[in-house]
Amino acid sequence: MAVSPSRRSPTRRRISRISRIPRTGAVCLALASTALAAAPALASDTTSADRSGSGATKPTVVLVHGAFADASGWNGVIERLQHHGYNVVAPANPLRSLSGDSAYIASVLKSIDGPIVLAGHSYGGAVITEAAAGNPNVKALIYISAFMPDKGENLGALSAKFTGSELQPALRPVPYTDGTTTGSDLYIKAASFHAVFAADLAEAQTKVMAVAQRPIAAACFEQAATKAAWRDIPSWFVVAKNDKAIAPDLERFEAKRAKSRTIELNSSHVAMMSHPEKVTKVLREAASDTKRVASKSGERSSLADTGSRGDALAGLGGLAGAALLAGAALVVNGRRRRGARD
């Protein structure tokens with residue numbers, strides 16, 4: 001004989017009620033597990049080429065200009081670095097003597113707290129080679145179509161190692177005195193400036209640059225370097241394949257000798273002006289590598305639980321916690337209802 005629903009035993013009714021309750025709780029527990037499992041994956045998505053996501057401190061980027069120019073040559077790079085959240089310093093290079101210029105830039109570096117990525121263009125490369133020596137905050141050196149002398153080398157002799165530069169015949173010496181010192185300033189002749197210095201920029205632009213160029217004392221090419229920071233600090237090198245101021249083969253020689261990470265651009269001498277995006281990318285990669293090395297050496301990782309990564313983890317943790325509590329509450333309420341009916 002069939003049993004009607006009203007006549008089902010109390011035991012069967014309890015089993016039916018109990019079997020329904022955990023299903024909802026199980027869903028909540030499953031959601032919690034999913035949220036916790038997703039946390040690391042979502043957190044890893046916040047990293048980028050220059051680790052610029054969280055609240056981690058980026059290195060300060062210092063940009064040193066070379067001869068026949070000023071810091072405005074870095075403008076395109078500065079704008080891009082600032083867009084990516086970097087503090088940037090572009091000091092005026094005195095262009096009076098290698099020893100004096102290096103001492104001045106070294107004093108600028110000492111005024112900066114935290115890690116530094118230091119870049120030099122042209123003669124600025126020789127300056128950073130000395131200025132960075134002995135400064136533990138300088139984590140990377142970047143040479144942009146630059147001189148990169150070793151200890152005991154002067155730039156005149158270094159230039160003579162390779163052919164390809166058209167700078168020497170384009171120079172115009174002008175006697176100068178500052179009241180205590182006399183010497184010769186070197187300018188690039190206006191008629192040669194575009195072809196020798198910046199052939200891939202518009203001529204209208206280079207005409208202005210030729211008029212506003214800052215001369216370099218001839219003594220800068222005669223002094224021997226006394227330090228070579230690239231022997232102790234990781235370096236990057238941007239070779240300008242169409243450079244007429246510094247021979248591209250000299251740039252390759254310097255980069256190979258220093259074991260620099262090297263890229264070559266179809267650029268004139270002013271690669272940072274004609275290819276600011278690519279030069280900025282090299283600087284960001286150097287900055288990112290600096291932070292990875294710092295992390296491996298035991299310093300605070302750039303992936304600290306701050307900023308967007310921390311928010312993601314906190315949000316997911318809250319979701320998981322809520323799901324767990326909801327599941328627990330359903331189970332407790334089910335037990336209470338079961339007790340009341342029994």
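**Close-up views**

**Glu130 is buried in the model, with a relative accessible area of 9%.** Buried means under 20% relative accessible area, exposed over 50%, and partly exposed in between (1.4 Å probe, protein chains only). The model is predicted: local features need pLDDT of at least 70, side-chain atom pairs count only at pLDDT 80 or more, and totals for chains, interfaces and linings use all residues. Residues are numbered from 1 along each chain as its sequence is written, and side-chain values use heavy atoms, with hydrogens and water left out. Glu130 belongs to helix 4. Helices (H or I, at least four residues) and strands (E, at least two) are DSSP runs, numbered from the N terminus. Leaving out residues up to four places away in sequence, Glu130 touches Leu98, Ser99, Ser102, Ala224, Ala225, Thr226 and Lys227. Contact means heavy atoms within 4.5 Å. Glu130 and Ile105 are 25 residues apart in sequence, yet their C-alpha atoms are 9.2 Å apart in space.

The protein chain has 12 helices and nine strands. Of its 342 residues, 44% are buried. Take the contacts between residues at least 6 apart in sequence: 74% of them join residues at least 24 apart.

The buried residues of helix 3 are Leu98, Asp101, Ser102, Ile105, Ala106, Val108 and Leu109. An α-helix has 3.6 residues a turn, so residues three or four places apart point the same way. What covers the buried residues of helix 3? The cover includes strand 1 (60–64), strand 2 (88–89), strand 3 (116–121), helix 4 (123–131) and strand 4 (138–144).

**The length of helix 3 agrees with its residue count.** Helix 3 has 13 residues, 98–110. The expected span is 1.5 Å times one less than the number of residues. That gives 18 Å, and the end C-alpha atoms are 18 Å apart, so the two agree.

**Ser97 lies in the loop between strand 2 and helix 3.** Ser97 has 18% relative accessibility, so it counts as buried. A polar atom of its side chain lies 3.0 Å from the backbone nitrogen of Gly100. A polar contact is a pair of N or O atoms within 3.5 Å; within protein, one must be able to donate a hydrogen and the other to accept it, and residues adjacent in sequence count only if both atoms are side-chain atoms. Neighbours within four places in sequence aside, Ser97 is in contact with Tyr123, Cys220 and Gln223.

**Five aromatic pairs are counted in the model.** Rings of Phe, Tyr and Trp (its six-membered ring) pair if their centres lie within 6.5 Å; planes under 30 degrees apart count as stacked, over 60 as edge-to-face and the rest as tilted. Phe147 and Phe221 form an edge-to-face pair, 6.3 Å centre to centre, with 85 degrees between the planes. This pair links distant parts of the chain, 74 residues apart. Phe147 is in the loop between strand 4 and helix 5 (155–159), and Phe221 is in the loop between strand 7 (216–217) and strand 8 (235–240). Phe147 counts as buried at 4% relative accessibility. Phe221 counts as buried at 15%.

**Phe193 and Phe197 form a tilted pair.** Their centres are 4.9 Å apart, with 45 degrees between the planes. Phe193 and Phe197 are four residues apart in helix 7 (residues 190–197), so about one helical turn separates them. Both are buried. Ring pairs link Phe68, Phe193 and Phe197 into a cluster.

**Ser145 and Lys259 have positive phi values without being glycine.** Phi of Ser145 is about 35 degrees. Ser145 is in the loop between strand 4 and helix 5. Phi of Lys259 is near 55 degrees. Lys259 is in the loop between helix 9 (248–257) and strand 9 (261–265). Which residue is buried and which is exposed? Ser145 is buried at 0% relative accessible area, whereas Lys259 counts as exposed at 74%.
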